[in-house]
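This briefing goes through a single protein structure by topic. Please keep the sequence and the model at hand while reading.

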Amino acid sequence: MAQVLPGAGAPAYVRGMTRIIQIVSVLLVLLIGGAWGAAWFGRGPGESVSDAFLRSIARLTGGDMPAPSAGGIQLAQGVSLGGPFTLVDHTGRTVTDRDFAGRPLLVYFGFTYCPDVCPTELGTIAAALDAMGPAGERVTPILVTIDPERDTPAALADYVSRFHPRMIGLTGSAEQVAAAARAYRVYYARVRPRDSTDYLMDHSSFIYFVGPDGRVRSLFRPETTPEAIAAAITSQLRAL
Ligand code: NI
């Protein structure tokens, strides 16, 4: 009996399958390459190629993403951030998302030992609320720690009061914090600098604007100015 070898001697259906796989591969490469190309040429002012790429992929997969609003990133339709959580506030009281229902929030995930980024972003939140005037009083600023081991309710109480009189600090068990961070797609990891005995937390740094329904309406990149955040939120509050 003749042995079946791939190539010319292979049965027709094997050659057919190979051809289909080749065509599909080429089409996939063209599709992804095309999306990157479109992202490169079609990106908006100030938009990175990867953001534009995600936007074009979202369009291809049916999830259309509206153009980013002033200072804020709109979420793709079908992408949901936020949701239920159970944490402990800076007075030691257990709170859930239901305690904040009906209130627009500005939420930031960080930690009190952060040397630079967290204090800057929390200062930005406070400045944005001040810049909004009376409308800013509708919005509750919240810091959720991603370092619950060191950020006890007492440590948070002292820390948040330095930024804004109405700022709420939230902590909890490692599991509670992990669940809340997961709901907001927050990345965090413990890192130890070489010449230090103390650890630091590496973490993603977005300011989330949360609607009265507990869902994230928009998020702001690090270094967005307080004025841009204030303008974006003022217009979104009018639409609520
Ligand atoms: Ni930080």
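What is the volume of the second largest pocket? The second largest pocket has about 170 Å³ of volume. The model is a predicted one. The points below begin with that pocket and go on to the cavity, the strands, the nickel ion and some loop residues.

**Second largest pocket**

- The lining of the second largest pocket is made of 17 residues.
- Those that lie nearest the centre of this pocket are Gly83, Asp97, Ala101, Asp213 and Gly214.
- By class, the lining of the second largest pocket splits into eight nonpolar, four polar and five charged residues.

**Cavity**

- One cavity of 30 Å³ or more is present in the structure, and the space in the largest cavity comes to about 40 Å³.
- The largest cavity is lined by Phe85, Leu87, Leu105, Val107, Phe109, Ile142, Val144, Leu170, Ala180 and Tyr184.
- Strands β4 (105-110) and β5 are the elements that give two or more residues to this lining.
- Strand β4 supplies the largest share of the lining of the largest cavity, with three residues.
- The lining of the largest cavity has 10 nonpolar residues, and no polar or charged ones.

- In β5 (residues 140-145), six of six residues are buried, and the strand is mostly covered.
- Thr140, Ile142 and Val144 point one way from β5, while Pro141, Leu143 and Thr145 point the other way.
- In a regular strand the side chains alternate between the two faces of the sheet.
- Strands β4 and β5 run parallel and are joined by six bridges.
- Within this pairing, Gly110 is opposite Thr145 of β5.
- From β4 the chain passes through helix α3 (residues 117-131) to β5, in a right-handed β-α-β crossover.

- Strand β6 pairs with β5 in the parallel sense, over three bridges.
- Gly169 in β6 is the bridge partner of Leu143, and Ile168 in β6 is the bridge partner of Ile142.
- Asp89 is opposite Leu170 in β6.

**Nickel ion**

- The nickel ion has as protein donors Cys114 (SG), Cys118 (SG) and His203 (NE2), at 2.1 to 2.3 Å from the ion.
- Along the chain, the spacing of these donors is C-x3-C-x84-H.
- Cys114 has a relative accessible area of 9% and is therefore buried, and Cys118, with a relative accessible area of 0%, is buried as well.

**Loop between α5 and β7**

- Arg185 is located in the loop between α5 and β7, and the place of Tyr187 is in the loop between α5 (174-183) and β7 (188-191).
- Arg185 has a positive phi of about 55° although it is not a glycine.
- Most residues other than glycine have a negative phi.
- The relative accessibility of Arg185 is 57%, so Arg185 counts as exposed.
- Tyr187 is partly exposed, because its relative accessible area is 43%, which falls between the cut-offs of 20% and 50%.
- The C-alpha atoms of Tyr187 and Ile146 are 9.2 Å apart in space, and the two residues are 41 residues apart in sequence.

**Loop between β10 and α6**

- Glu223 sits in the loop between β10 (216-220) and α6 (226-239).
- The phi of Glu223 is near 75°, a positive value in a residue other than glycine.
- Glu223 has 74% relative accessibility and so counts as exposed.

Methods:
Residues numbered from 1 in each chain as written. Predicted model: local features only at pLDDT ≥ 70, side-chain atom pairs only at ≥ 80, totals over all residues. Heavy atoms only, no water. Pairing = 2+ DSSP bridges. Helix = DSSP H or I, 4+ residues; strand = E, 2+ residues; numbered from the N terminus. Donors = N, O, S within 2.8 Å, 3.2 Å for Na, K, Ca; no water. Buried < 20%, exposed > 50% of the residue type's maximum accessible area, 1.4 Å probe, protein only. 1 Å grid on protein atoms, 1.4 Å probe; cavity = no way out; pocket = protein on both sides within 12 Å on 5 of 7 lines; lining within 4 Å. Points joined across faces, edges and corners; volume = space filled by probe spheres on them. Nonpolar A, V, L, I, M, F, W, Y, C, P; charged D, E, K, R; others polar. Right-handed = clockwise from strand over helix to strand, strands pointing away.
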